[in-house]
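Here is a short tour of one protein model, meant to be read with the structure open beside you.

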Amino acid sequence: MLSYIVWSPKPYIVDLGFTELRWYGLLFALGFIISQQVMFYIFKKEGKKEKQVEVLTLYMVIATIIGARLGHVLFYEPARYLSNPLDILKIWEGGLASHGGAAGILIALYLFARKYNDISYLWILDRIVIVVAITGALIRTGNFMNSEIIGEPTDKAYGVVFGREVELRLNYLTSAIEDVEVEKIKSSNLIEGSLESSFDYPVKLIVSYNEKNKLEDVKKFSETQLLKKLQESNISQHVNFPKDAEFEYSQKGGFIYAITYGNGVPRHAAQLYEGISCLFIFLLLFYLWNKNRSGLADGRLFGIFLIACFGLRFLYEFIKENQVAFEDGLALNMGQWLSIPLVLAGFYFIFQSLKAEKRI
């Protein structure tokens, strides 16, 4: 009991009024900035020109965004976007697929390698996967900040209750609601015999109303419409609230607070698992490049990356929620089917690099 984490940060760093600076966007951009600096270092060590990195960065940014977006459109929701093609441009609404991003990068790097006589396709693939791994780690951290791509329920001590979805659903219920917070209840604050003390993963829901509303109206709304909303599946999959949940009310600082309690649903933080894995893949690839850059046969690092990244992706999908409904009827979900050929390709490139070494 009580071995769990409640995670519900705001997805933005600062609200500028006309727009928001979001964690996901910052981490996405930071991935490209760090990647460019690492590639500057790699190119310098291998006698290439800095200007080539600047061109490469442009290719990578465009290819990643277009590829990831089209990947999501084609692999996950083709019917929706084919019926509303302009929605494809609405990237800010979400919907990027890493497999599509991989396809976009492969095409862009082929075009990039054709521009330069001193850079082969496999040579640049071996170097680019080093920084793709660190960018992947930052993007998955951004997913975690957005409370998206969540895992299946778990009873492990590191399970995470994603309270942000609950907060979002309730914030838009009425303009009278100023703020919503989901918090973990400390064991020291549990009162023996209370309803919340009977929960395995007790959480507190705090709904703040503007004090301009009458207390009687707040009570009526909370105990009818709010309580009804709390029973919906998109909320109960994160926190289960009793159908007869009772509310506590208080007034302070210009707000009326309605407080109730529920039983959290801890889930695997699948985004962090992938993010941490990508970080270790980055460290491994950079170590192998730094130690053997003059002796590694072309394709070796690329093959290792494909096997490690998409092999782990295949396994992590078993503990992740499916992204779209049609995947529920599949033996393997879309992410797993798309990972299989990439893992097989990884073995092929490693095999070919070993053959090349023997010829040398």
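C309 is buried, with a relative accessible area of 18%, since buried means under 20%. Please keep in mind as you read on that this is a predicted model.

C309 takes part in no disulfide, and its nearest cysteine sulfur belongs to C278, 4.8 Å away. For the structure as a whole, the disulfide count is 0.

Now for the empty spaces. Rolling a probe the size of a water molecule over the atoms shows where empty space is left. Counting cavities of 30 Å³ or more gives 1, and the largest cavity holds about 40 Å³ of space. Which residues line the largest cavity? They are D126, R127, W289, R293, L296, D298 and L301. By class, that lining has 4 charged residues, 3 nonpolar ones and no polar ones.

The second largest pocket has a volume of about 180 Å³. It has 15 lining residues, and the closest to its centre are A63, G67, A103, G104 and I107. Two helices, α2 (50-75) and α4 (98-115), each supply at least two residues of this lining. Of the contributors, α2 gives the most, with 8 residues.

The table puts the two spaces side by side.

| Space | Volume | Lining by class |
|---|---|---|
| Largest cavity | About 40 Å³ | 3 nonpolar, no polar and 4 charged residues |

Last, let us turn to the hairpin. In which sense do strand β2 and strand β3 pair, parallel or antiparallel? Strand β2 (residues 12-15) and strand β3 (residues 20-22) run antiparallel, paired over 3 bridges. If you want a place to start on screen, find Y12, whose bridge partner in β3 is R22. The hairpin formed by β2 and β3 has 4 residues between the strands. In its turn sits G17, with a positive phi of about 95°.

Note on methods: Residues numbered from 1 in each chain as written. Predicted model: local features only at pLDDT ≥ 70, side-chain atom pairs only at ≥ 80, totals over all residues. Heavy atoms only, no water. 1 Å grid on protein atoms, 1.4 Å probe; cavity = no way out; pocket = protein on both sides within 12 Å on 5 of 7 lines; lining within 4 Å. Points joined across faces, edges and corners; volume = space filled by probe spheres on them. Nonpolar A, V, L, I, M, F, W, Y, C, P; charged D, E, K, R; others polar. Pairing = 2+ DSSP bridges. Disulfide = S-S within 2.5 Å. Buried < 20%, exposed > 50% of the residue type's maximum accessible area, 1.4 Å probe, protein only.
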